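Dear colleague,

I am handing over the structure we discussed, with the sequence and coordinates placed just below. My notes on what was found follow directly after.

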Amino acid sequence: MPVADRRYSCLPRRAAALALTAAVLAAAPAVAAPRACTWQAAWSSSQLSPAADAQLEPGALRDATLRQIVRPSLAAQRVRVRFSNAFGRAPLTIDAATVALAAAPVGGALRPTSVRPLRFAGHAAVTIPAGADWVSDAVDLSLRAFDDLAVSLHLPVEPDGQTAHPGSRATSYLARGDRTGAVELPGARAIDRWYLLAGIEVERCAAPGGVVAFGDSITDGYGVKPNSYTRWTDVLARRLGGRIAVLNAGIGGNRVLLDGLGPSALARLDRDVFGQAGVRHLILFEGVNDIGVLTRDAPASPDQHRALVERITGAFAQIVARAHAHGIMVHAATILPFAGSAYYHPGAESEADRRAINAWLRAPGHVDSVIDLDQLLRDPARPTYLASRYDSGDGLHPNAAGYRLIGESIPLAPLRR
């Protein structure tokens with residue numbers, strides 16, 4: 001047979017081999033492609049314009065270093081920091097900043113080898129426009145979940161309007177001059193508030209699954225001792241084992257409908273929830289301050305009570321719809337009983353409002369899941385009151401045992417979807 005004939009006679013056998021290979025590959029289990037690494041929020045703080053008693057005195061932030069200790073709930077090898085001038089009236093200049101592992105939760109000392117200077121588009125300084133946030137460039141830093149992280153920033157000029165979170169439940173340190181790279185801050189002033197610090201983001205190759213706890217003083221941790229990390233959100237984060245971030249977006253005194261201590265829930269929804277990288281779940285725990293303020297100073301008419309319920313449930317429906325549009329599931333906590341509160345002087349009409357709103361939350365189809373904290377913490381013999389073993393003493397806020405119970409009772413399965 002000519003050489004040419006032998007060459008062409010191999011084609012059927014080659015075709016058969018190729019077909020067999022294709023069949024084997026088709027039958028083999030698919031190998032998942034590596035997951036793309038993304039930036040995810042590991043810690044956040046809801047910003048507001050602080051009341052006069054929570055502001056630093058004039059001149060305190062001129063030529064000053066702020067060192068603030070936070071505890072992210074995700075591990076990472078790369079970190080970046082979000083600074084905020086959300087409530088400033090003029091541009092804010094930060095001319096030096098660092099991030100480092102804190103030597104301890106308190107004291108302000110750093111682990112020397114962990115100090116990393118922060119850059120902003122490659123520069124050491126940044127000027128943040130009024131009303132805006134700015135995320136730093138990424139730095140390499142080995143961080144375990146629940147490590148204490150110190151963020152230091154130097155302000156050359158006094159900010160025009162303070163942006164802060166007064167309910168930090170953690171101690172920050174204020175020193176004169178640029179001490180951002182100093183390992184220790186002897187003589188620094190201790191303050192239990194956060195200023196200008198909005199978030200920590202980490203690079204992760206795991207699927208996003210962040211949880212935002214969106215609420216008022218009960219979420220913010222009213223009554224919790226500074227640096228104890230015993231808010232209910234801290235308990236929940238530890239139960240999730242550092243695999244899913246829990247971001248505390250509580251503001252003391254916050255309301256759903258109207259501004260008060262901080263912007264209303266509806267007004268801050270974009271910044272505090274949808275603006276957080278990698279969020280997939282929202283725990284909605286608001287409403288008691290709307291009900292209480294209605295009758296705090298004077299009785300309200302039946303029409304006012306009826307309108308309040310309709311407006312709050314309408315706002316909750318808005319939050320759910322907007323969250324779903326962002327691919328975020330909403331898990332709603334029922335409003336706790338507060339008949340024992342002297343602050344709000346609640347009466348039968350206010351209790352009827354609370355029950356009506358809770359009934360709306362419990363009704364099928366309104367939210368993705370219900371966390372029935374009302375049933376969990378109320379006194380069985382007096383269901384309009386907090387159970388005494390969970391009452392801080394003011395009839396409104398839970399005590400340490402109550403916060404722990406909240407954090408331990410939230411089902412984890414819905415948060416892992």
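Helix α4 (residues 232–239) packs against helix α10 (residues 400–409) in this predicted model, with an angle of about 35 degrees between the two and their axes 7 Å apart. The crossing of α4 and α10 is right-handed. On the α4 side the contact is made by W232, V235, L236 and R239, which meet Y403, R404, I406, G407, E408 and S409 of α10. Sorted by class, the residues in this contact of α4 with α10 are five nonpolar, two polar and three charged.

From α7, the residues H305, L308, V309, I312, T313, F316 and A317 meet E349, S350, D353, A356, I357, W360 and L361 in α8. This contact of α7 with α8 comprises nine nonpolar, three polar and two charged residues.

Turning to covalent links, a search of the whole structure finds one disulfide, and that disulfide joins C37 to C205 with an S to S distance of 1.7 Å. The link of C37 and C205 is right-handed, with 60 degrees about the S-S bond. C37 sits in the loop between α2 (11–27) and β1 (38–44), while C205 sits in the loop between β15 (197–204) and β16 (210–215), so the pair ties together parts that are 168 residues apart in sequence. Both ends can also be placed by accessibility: C37 counts as partly exposed at 39% relative accessibility, and C205 is partly exposed with a relative accessible area of 43%.

Most residues other than glycine have a negative phi. D63, although it is not a glycine, has a positive phi of about 50 degrees; D63 is found in the loop between β1 and β2 (64–70), and with a relative accessible area of 33% it is partly exposed. N227, again not a glycine, has a positive phi of about 70 degrees, and N227 lies in the loop between α3 (217–220) and α4.

One further loop residue is L261, which is found between β17 (246–250) and α5 (265–274) and is partly exposed, with a relative accessible area of 49%. Leaving aside residues up to four places away in sequence, L261 touches L48, I251, G252, G253 and N254. The C-alpha atoms of L261 and D216 are separated by 9.6 Å, and these two residues are 45 residues apart along the chain.

For the overall picture, the protein has 10 helices and 20 strands, and its C-alpha trace spans about 110 × 55 × 35 Å along the principal axes. Of the 417 residues, 50% count as buried. Among contacts between residues at least 6 apart in sequence, 81% join residues at least 24 apart.

Terms used:
Residues are numbered from 1 along each chain as its sequence is written. This is a predicted model: local features need pLDDT of at least 70, side-chain atom pairs count only at pLDDT 80 or more; totals for chains, interfaces and linings use all residues. Side-chain values use heavy atoms; hydrogens and water are left out. A disulfide is a pair of cysteine sulfur atoms within 2.5 Å. Helices (H or I, at least four residues) and strands (E, at least two) are DSSP runs, numbered from the N terminus. Buried means under 20% relative accessible area, exposed over 50%, partly exposed in between (1.4 Å probe, protein chains only). Contact means heavy atoms within 4.5 Å. Ala, Val, Leu, Ile, Met, Phe, Trp, Tyr, Cys and Pro count as nonpolar, Asp, Glu, Lys and Arg as charged, and the others, Gly among them, as polar. Axes are lines fitted to C-alpha atoms, for helices over the stretch in contact, and angles run from 0 to 180 degrees between N-to-C directions. A crossing is left-handed if the near helix is turned anticlockwise from the far one by less than a right angle, and right-handed if clockwise.
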